[in-house]
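Hi,

Here is the structure I promised to pass on. Have a look at it first, and then read my notes below.

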Amino acid sequence: MGSEERRSILCPNCRKLISIDQSPCPYCGLRNPGSRWKHSPWTRGLMDGDQFVRSVIVLSGVMFVLSIIMSPGSTRFSMNPLDFLSPGNRSLLLLGATGRIPIDQFHRWWSLLSANFLHGSIFHLLFNMIALRQIAPLVFQEYGGHRTISIFILSGVGGYLVSYLAGIAFTLGASAAVCGLIGAALYFGRSRGGHFGQAVYQQVGGWAVGILIFGFLIPGINNWAHGGGFISGVVLGYALGYHEKKAESLHHKAIAGVCALAALGSLFWAVGSSFFILLQTR
């Protein structure tokens with residue numbers, strides 16, 4: 001066998017076992033799946049569901065810690081689990097919360113992106129990250145890494161744009177983006193049909209109903225953002241397609257790259273401008 005032995009790898013896009021010599025991947029159509037560049041740590045976040053979830057959790061966690069550090073005098077330690085360990089509104093505003101106040105008064109349109117990585121309490125953060133962990137692997141499996149990233153980020157923007165148009169003054173959290181993933185999964189289940197599609201539709205539909213009920217029972221939930229994110233996810237699922245309809249293409253990768261850079265850029269700008277403003281006011 002020696003040098004003629006065929007080596008096997010996991011396709012970096014669909015995670016199925018293939019020969020390193022195969023191009024494109026016979027399952028998802030990815031070109032040159034054996035390329036070292038596509039298996040590097042720098043690109044794995046765009047191709048691997050677990051890495052994507054970890055990246056969002058880390059970014060959200062870092063932003064939450066910063067929001068606590070920046071508001072030591074106004075951080076709340078309420079016994080109410082919904083409000084426990086809650087940063088002050090000033091630090092959240094500086095770090096990129098969105099809504100009528102940040103956009104109309106301070107012209108922070110970029111906060112439509114940054115608000116998806118901010119949270120108002122430790123419970124808020126944990127709830128959204130657990131929900132992300134539940135739904136993201138399914139969306140990655142059926143849509144691929146690049147389309148999932150686009151759906152997550154653009155659904156968050158869509159949800160908060162609807163919230164802004166509805167007049168919500170101040171809002172934040174990853175739930176609009178998570179609802180976008182739920183909307184995309186629901187579209188997939190309904191569109192695919194069959195036993196598997198119906199199972200996905202019923203399971204994810206149960207999550208959607210649960211979020212809807214939770215939103216109306218618990219005060220302070222931004223149902224406008226949830227609804228806008230959900231609808232954005234359905235529209236994006238239809239517009240971008242899923243693996244069984246079409247493989248991820250160069251334009252899917254380009255859209256994901258722009259979305260990822262825009263989201264990271266909004267966070268870097270938020271952190272940098274926050275420290276500048278704090279230094280100026282001391």
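**Helix packing and aromatic pairs**

Helices H7 and H8 make a right-handed crossing. Please keep in mind that this is a predicted model. The axes of H7 (residues 145-165) and H8 (residues 175-192) come within 7 Å and cross at roughly 120°. Angles of 65 to 115 degrees count as roughly perpendicular and those over 145 as roughly antiparallel, so H7 and H8 are oblique to each other.

On the H7 side, the contact is made by Thr 148, Ile 151, Phe 152, Ser 155, Gly 156, Gly 159 and Tyr 160, and H8 brings Ala 176, Ala 177, Val 178, Gly 180, Leu 181 and Ala 184. Sorted by class, these are 8 nonpolar and 5 polar residues, with no charged ones.

Now to the rings: the whole structure holds 11 aromatic pairs. One of them joins Phe 52 and Phe 152 edge-to-face, at 5.5 Å centre to centre and with 85° between the planes. Phe 52 sits in helix H2 (residues 49-69) and Phe 152 in H7, so this pair ties together parts 100 residues apart in sequence. Both Phe 52 and Phe 152 are buried.

Tyr 187 and Tyr 238 also pair edge-to-face, with 6.1 Å between centres and 90° between the planes. Tyr 187 belongs to H8 and Tyr 238 to helix H10 (residues 223-240), 51 residues apart. Is each of these two tyrosines buried or exposed? Tyr 187 counts as buried, at 14% relative accessibility, whereas Tyr 238 is exposed, at 61%.

Best wishes

Methods:
Residues numbered from 1 in each chain as written. Predicted model: local features only at pLDDT ≥ 70, side-chain atom pairs only at ≥ 80, totals over all residues. Heavy atoms only, no water. Axes fitted to C-alpha atoms, helices over the stretch in contact; angles between N-to-C directions. Helix = DSSP H or I, 4+ residues; strand = E, 2+ residues; numbered from the N terminus. Parallel < 35°, antiparallel > 145°, perpendicular 65-115°, else oblique. Left-handed = near helix turned anticlockwise from the far one by under 90°. Contact = heavy atoms within 4.5 Å. Nonpolar A, V, L, I, M, F, W, Y, C, P; charged D, E, K, R; others polar. Phe/Tyr/Trp six-rings, centres within 6.5 Å; stacked < 30°, edge-to-face > 60°. Buried < 20%, exposed > 50% of the residue type's maximum accessible area, 1.4 Å probe, protein only.
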